[in-house]
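This briefing is for a reader who is meeting this structure for the first time. Please look over the sequence and the model, then read the points below by topic.

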Amino acid sequence: MTDGEFGSEFGSEFDGAFGGEPGDTGGMAGPTRGEPAGEGRGDPFDEALALANAAAPARVRPETESGAGAGADPTTVRVPYATRETAAPRSSTTGGGGDIPYTPDDPFSLDDPAACGNGHSSTSRSSSTSRAPGRSGPSDPSGPSDPSGPSGPEDPPAPTASGPRPTPAALPWHIARDIAERAVPGPPAPETSALGDALGRTLAAPLTALTDLPSFDTSAMDGWAVSGPGPWRLDHPAGAPEAGPLPGILAGHAPTEVLHDGHAVPIATGARVPPGATAVLRSEHGEVRELTDGGRRLYAPRPAPPGQDIRPRGQECRRGDQLLPAGALVTPAVLGLAAAAGYDELTAYRRPRAEVLVLGDELLDHGLPQDGRIRDALGPMLAPWLHALGVEAAAPRHLADDADTLYAAVAESTADVVITTGGTASGPVDHVHPTLRRLGAEVLVDGVAVRPGHPMLLARLAPHRHLVGLPGNPLAAVSGLVTLAEPLLRTLAARPPAAPYRTPLAAPVHGHPQDTRLVPVAYREDERHGLTAAPLRFHGPAMLRGIAAADALAVVPPGGAERGTELELLELPWSAGWSPVSSTGWTAPGDA
């Protein structure tokens, strides 16, 4: 699908006013998040997982199938994958029932001159909605194999094509995100590391102060430590030269002499206040006068109240106070706080490791497009995006369109999550599904009812290793990243989900008849609604111009939304204030 570029009252920047009945939000195929389970209904998560793995649940009344009496709990039977179309909910990929045929590369509006072409991009693949048969799943009696390397003395042969099979029903967007978030039970065991290595990780235990902060009374200003009311005598310490400036107390030096009443001594910011001092007089508030006896006296235009400009011991915290709870993100400020509180090491969950495989013979990594080849837009984007999510990601690897090459790369990867770009459909060079079958992987999500990005997928390679297949079009890949990769990686990193955030639209947004849409938006102030989300143009699957100017992605329900409608927003990492974390200490196989 290619989303068009729509004009509007906002000019070239925003979506235009789209058609459709006001308030028509359509209905999402299948169960949605938060929907209560009614009588005789199962868990939406389990049903969605079954749809992704070759069997759909069919409800059968006990009195008609099992002979049980009325009122007994309904049983669940599995429908073979080949007949799933009769039991699975309809989506945009299945015809019949009055649904509008809608394939990923169709123009969004047939009469929109801006929505022409097929939307292929720098990493695009065939967007046919059919899949090759034989996809593995929980019903596969052989079970998943160990993908750490080729099994046995020889690699499994590449499966031969045996014709198209019925397209799986695409999962509703919210359910697909839930499956990704719950694909792993939690993060791996925490590790203890030096402070610098903990940046971007999540605390596995509360951060408790190991000392009082500050550890002693300190001066908050440059000036004089004074005792009692003024004026104060400034005496030369024993052995100090009579001429020149008076020596004072510097930071890092502990004073040993008691400061007597009516006396003062110069002091620097951060220095330990001497015993007997009652206040600190700032240097700009005092005047030193020479006495006839050769001494010096300090005067102030106003009294120095007790405690003035002294940071008392324990002002920030006392030893044993909890500074941060478990689960807090280790930011640069947290590192500074931990160091001040006496820590040399922190116990935190390690950052997940991801490997990005960019697929395509047609891709160039430098220069201008030429001779039918185009620039890779995803390689430069995905690794920094993953860093912003707190993930360690080596430099992306470019792979040729070869089934054995992809199989070897995935089988030999040591990453927690392998991310591929393109090749998730069933075209002549789309090798992701065949590779997953060769590896005996368990497919958790195979297609999501979202535009752009419908042909995304999530598979379990091993108990603690997963693969996220992103579509080849750049904005479609971003959709897959926030839909499947981000929730999975967030769980692995022990990061809490962002708080739900909703903002009214600054302009109406066109909706897909059945599917959710993810539309780039920018924050704008509106006289009526306050802070609003303005839909941006250039939001086709192959376009990055819109997302490059965006603050967030708006989750547009089927049927669209009118101006002023509050929509869920997925804030982009940089607009949400997350700090990029460079990958250190890990390289993907073949990059060493």
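D212 lies in the loop that runs between β6 (207-208) and β7 (218-219). In this predicted model, D212 has a relative accessibility of 9% and counts as buried, because buried means under 20%.

**Around D212**

- The side chain of D212 makes a polar contact of 3.1 Å with the side chain of R318.
- Leaving aside residues up to four places away in sequence, D212 touches R313, G314, C317, R318 and R319.

**Sheet β10-β8-β11**

- An open sheet is built from 3 strands in the order β10-β8-β11, and the pairing is antiparallel.
- β10 (264-267) and β11 (279-282) each have a single partner strand, so they stand at the edges and one side of each is left without a neighbour in the sheet.
- From one strand to the next, the twist in this sheet averages 35°.
- Strand β8 (residues 223-226) pairs with β10 in the antiparallel sense over 4 bridges.
- β8 also pairs with β11 in the antiparallel sense, over 4 bridges.
- A225 stands opposite V265 in β10, and the bridge partner of A225 in β11 is V280.
- V226 stands opposite A264 in β10.

**Sheet β9-β13-β12**

- Another open sheet has 3 strands in the order β9-β13-β12, with antiparallel pairing.
- Its edge strands are β9 (232-234) and β12 (287-290), each of which pairs on one side only.
- The twist in this sheet averages 35° from one strand to the next.
- β12 and strand β13 (residues 296-299) are paired in the antiparallel sense over 4 bridges.
- Across that pairing, E287 stands opposite Y299 in β13.
- Y299 also has a charged neighbour: R289 lies over the face of its ring, at 4.2 Å from the ring centre.

**Helix α6**

- At the start of α6, a side-chain oxygen of D402 comes to within 3.2 Å of the backbone nitrogen of D404.
- In helix α6 (residues 403-412), the residues L406, Y407, A409, V410 and A411 are buried.
- An α-helix has 3.6 residues a turn, so residues three or four places apart point the same way.
- The buried residues of α6 pack against the strands β17 (353-359), β21 (397-399), β22 (417-421), β25 (457-462) and β26 (465-470), and against helix α7 (432-439).
- The charged end of R438 sits over the ring of Y407, at 4.1 Å from its centre.

**The aromatic pair**

- How many aromatic pairs are counted? The count comes to 1 aromatic pair.
- Y501 and Y523 form the pair, which is edge-to-face, with 6.5 Å from centre to centre and 90° between the planes.
- The pair links distant parts of the chain, and its two residues are 22 residues apart.
- Y501 lies in the loop between α8 (474-492) and β27 (502-504), while Y523 is in strand β28 (residues 516-526).

Key:
Residues numbered from 1 in each chain as written. Predicted model: local features only at pLDDT ≥ 70, side-chain atom pairs only at ≥ 80, totals over all residues. Heavy atoms only, no water. Pairing = 2+ DSSP bridges. Axes fitted to C-alpha atoms, helices over the stretch in contact; angles between N-to-C directions. Phe/Tyr/Trp six-rings, centres within 6.5 Å; stacked < 30°, edge-to-face > 60°. Lys NZ or Arg CZ within 6 Å of the ring centre and 35° of its normal. Buried < 20%, exposed > 50% of the residue type's maximum accessible area, 1.4 Å probe, protein only. Polar contact = N/O pair within 3.5 Å; in protein donor to acceptor, adjacent residues only side chain to side chain. Contact = heavy atoms within 4.5 Å.
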